[in-house]
Amino acid sequence: MTKPISTTADWTYELIDEYYKVIETIAADFGLDTYPNQLELISAEQMLDAYASVGMPIGYNHWSFGKHFIHNEQSYRRGRMGLAYEIVINSNPCIAYLMEENSMMMQALVIAHACFGHNSFFKGNYLFKTWTDAEAIIDYLVFAKNHIADCEQAQGVDEVESVLDSCHALMNYGVDRYKRPYPISMREEKQRQKDREIYLQSQVNELWNTIPDKVRSDEDSTIRFPTEPQENILYFIEKNAPVMSPWKREIVRIVRKIGQYFYPQRQTQVMNEGWACFWHYTILNELYDRGYTTEGFMIEFLQSHTNVVVQPDYDSPYYNGINPYALGFNMMIDIRRICENPTAEDKEWFPELAGTPWQESLTFAMQNFKDESFIAQYLSPKVMRDFKLFSLHDDASSNELDITSIHNKAGYQEIRHNLSQQYNISMSEPNIEVFDVDIRGDRSMTIRHKPTNNINLGETTAEVMRHLHKLWGFPVKLISEDTKGEQYELCRCPLEECEEEDD
Amino acid sequence: MQIIDRRLNQKNKSTVNRQRFIRRFRSQIKKAIADRIIKRGITDVDKSESISIPSKDIHEPTFRHGTSGKRNRVFPGNKDFVVGDKIPRPTRQGGKADKRASDSGEGEDEFLFELSSDEYMNILFDDLELPNLKKNKLKKLINYKNVRSGFNTDGTPSNIDITRSLKGSLARRIAIQLPLKRKLKELQKQLNTLDTKMKPDNLVREHKKQLLDEIEQLTLRIKRIPYIDSFDLRYKNFTKLPQPTTNAVMFCLMDVSGSMDQQTKEIAKRFYILLYMFLKRSYKDVEVVYIRHHTQAKEVDEEEFFYSQETGGTIVSSALILMQSIIQERYNPDDWNIYAAQASDGDNWDNDSIKCHQILSSDILPSVRYFTYVEITEREPQKLWKEYLSLVDKFDNIALKKITEPSDIYPVFREFFQKQSISTKLSLFNETGGR
């Protein structure tokens, strides 16, 4: 019988080290593939700091981070919010923050959750592999911070702040959703930045460089620029804004790249947290089975664990949407159950999954899906029953909500479909693309919104348009295209078109 | 795996961002501060302040979905719904948002946060400075403090430094004795040779006697060297270091006669609060003296100053006389920075205004650093105002302004204490003169 590693709540470096080694062995036995780990011990104040910069270890300065910081600090001080136990950064080595206030059990939990759960997810999931480069992210953030600090020196804080404001407003539209991006790399960036500046300045811009032809054929005007609608608005601006100083282009690029870095995280919340919870749960239980921990440790653990994966009902005062930890964890556990002990129902729903080795199947699921497809693929009737899910139809023009399906045989498919769509980024964000630029005329840019299910745009649209105008430097127009292909104008900036733009 | 202890790293990584936030929303914060200032007691300066600014000002816009259209939503925790049920739309996205807002007593449309007292002051007194600070600096702001600065050969006996003096005496004695002792030794040696080698005859005896005489004289001389000489004495030296006084006293003078209603007093109170906080920022200790008057003046405490009502006529000079006597009694203008703020609705006995003019110009204005007068009224200026106005030409440490409603206070205060340049002074004069 092995002796428990610790019996008290206090942690020491030696104990953390010992726990880490044991957990590492267990994780290796389960076949988890991870980046090397770096544990950083921080205080609660530092945790608040880390929060404010959305988990980026190094960030440029901007008032919006200050706003988040003040907000978190206030909530924390008044006890309305507890601090997260951990923050983990998708980098190589993978950086996990341990708070000094945590008990020894919490530290072990965080090690299992972050250093092996999240870490292996970052390394294995296809979205992270495609969109982020863990090797280079820290370097890139340093580069970004320095560049923006340099710009502030040269241009003044206000100037830089206003460019950042505009970029932030469009941050979610700085990603190529359908194209594979180039990974961010510090070395290339540095080498290319200078060239790019010179090049762009000299080229300002081939589009507009055309000496006005006296004879302009009619065909020309029918060719649209861009030839295809562009979903990546920031990229389009960076490359095509007619007059923009190089340092601004570089800032647009930085915001775009950072947006891209967070893009996979936005799409894999349920899976990422579910995976990490599944592994801390599995690893810590294994730790107990092998005799490394005491009963007291396990009871403390189970209490924190249950608090994390609880799902309040829709009518509970604590309800705040579906808890990604709860949904993810239960689905992961359920996949293991289907592999190990399939019921007749499971065999019918998941014939290719039932009875397979669970570690392989689970790893496959982790690697090749995002939330939307993961739910569409793996949400089982059992989980739907456990969560008592129901789906309703919300038509803004009616005063009543229709219950369309509940957790029964007739409803499973629809609920699964609807829930999966809820995690579809292109459903939760309006579909807006760069549609046209008037390259022969006033250089105005037209962007097009294609509403899904008649959902209009929110109140802040006009403001975003002002930001877009600021970046583009020439008039911008927002049009909406309905399902029949008819277009009408929603908004333009500046409002008076007749005003002469001086270029 | 490696463990890094970051706890000792710099803690306030977010300070810059916090400052950026405050910087960006300075104007909104200023407005919020102006609204809250009345809720503070005059001397509550060191408190931090909760500030709320409208959320709509600080939100970050993005393209997002509006509320129209159709959508399907999935919720957990079905109780008794079956397919086909119709439920009324809950108000505002399911009642939970409302509930949370009311629980915490804070609406969703306000962004509430705390400013430290320093940040608060900085914003409140942005671009303001103490009046006349530069001009009178040498004359009045200076207090002297004695500080040790080495040793001196002259001074009073009480300042004698014993160790130093004795060291000097020892050195002097050694220095003076040395050549004498050397000579003495020499003579002694000669005497010895005489004693041992020479046959005692008359010549030798003569010589010996001579030697003995010299030795005796030398010994006497050595003995006569004083143990301590006035030359040895060292005195501790002090010099006077000029030190700006950190004491300030603020006189609040207010008319409490029947014509001053509570609202007018509230306006005056705000003005006093501002002045107090402003002084507090520049001086270590600020004392406040409250003088209320109708036909007689009386020194009172804050509570009575603002909240008790008197009736009767108004004699402003009574307050000025009382102030003058308090200054003489307790606040020597050489030691104290004296500020005075007078608030009134402009009523006064006609003959009294001239008296006020005299007291101010002969006694008060020369001894105070700044005298401000606010008239809280909508009427035409009366005699008192005119008398005061004539003082503005002669003295540059008096300022007067008219206030009609609470929102005027802050701008007026700012105008009083704006970083002074000739142009603002002139415009202040022109404006007041034009009324």
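Leaving aside its neighbours within four places in sequence, which residues is A:I111 in contact with? Keep that question in mind as you look around this predicted model.

## Inside the cores

Once neighbours within four places in sequence are set aside, A:I111 is in contact with A:Y19, A:Y20 and A:I23. Both A:I111 and A:I23 belong to the largest nonpolar core, which has 104 residues.

## Chain A as a whole

Chain A contains 22 helices and nine strands. It has 503 residues, and 43% of them count as buried. Now take the contacts in chain A with a separation of 6 or more: 72% of these are between residues 24 or more positions apart.

For a helix pair to look at, turn to α13 (residues 269-289) and α15 (residues 324-340), both of chain A. They pack at an angle of about 65°, and their axes are 7 Å apart. The crossing of α13(A) with α15(A) is right-handed.

Which residues make the contact? From α13(A) they include A:W275, A:C277 and A:F278, while α15(A) provides A:Y325, A:F329 and A:M331 among others. Sorted by class, the contact between α13(A) and α15(A) has 12 nonpolar residues, three polar and one charged.

## A four-stranded sheet

Chain A also has an open sheet of four strands, in the order β6-β7-β8-β9, with mixed pairing. Why is one side of β6 and of β9 left without a neighbour in the sheet? These strands, residues 432-437 and 487-493 of chain A, stand at the edges and each has a single partner strand, so one side of each has no neighbour there. From one strand to the next, the twist averages 30°.

Strand β8 (residues 476-481) of chain A pairs with β9(A) in the antiparallel sense, over six bridges. Here A:L478 stands opposite A:C491 of β9(A). Helix α22 of chain A, residues 461-472, packs on the sheet and touches β7, β8 and β9 of chain A. The direction of α22 makes about 70° with that of β9(A).

## A hairpin in chain B

In chain B, strands β9 (residues 285-293) and β10 (residues 297-300) run antiparallel and are joined by four bridges. How many residues lie between β9(B) and β10(B) in their hairpin? There are three. To find the pairing on the structure, look for B:H293, whose bridge partner in β10(B) is B:A297.

## Where the chains meet

Finally, let's see the two chains together. On chain B, 51 residues are in contact with 74 residues of chain A. Several elements of chain B each supply at least two residues of the side that touches chain A, including the helices α1 (15-24) and α4 (96-104) and the strand β3 (70-75). The residues on this side of chain B divide into 18 nonpolar, 14 polar and 19 charged.

Strand pairing links the chains too: six bridges join β4 of chain A, residues 390-395, to β3(B), and these strands run antiparallel. Across this pairing, A:F390 stands opposite B:F75 of β3(B).

Key: Residues numbered from 1 in each chain as written. Chains lettered and ligands numbered in written order. Predicted model: local features only at pLDDT ≥ 70, side-chain atom pairs only at ≥ 80, totals over all residues. Contact = placed C-beta atoms within 7 Å. Nonpolar A, V, L, I, M, F, W, Y, C, P; charged D, E, K, R; others polar. Pairing = 2+ DSSP bridges. Core = buried A, V, L, I, M, F, W, Y, C linked by C-beta atoms within 7 Å. Buried ≥ 20, exposed ≤ 12 C-beta atoms within 10 Å, placed from the backbone. Axes fitted to C-alpha atoms, helices over the stretch in contact; angles between N-to-C directions. Left-handed = near helix turned anticlockwise from the far one by under 90°.
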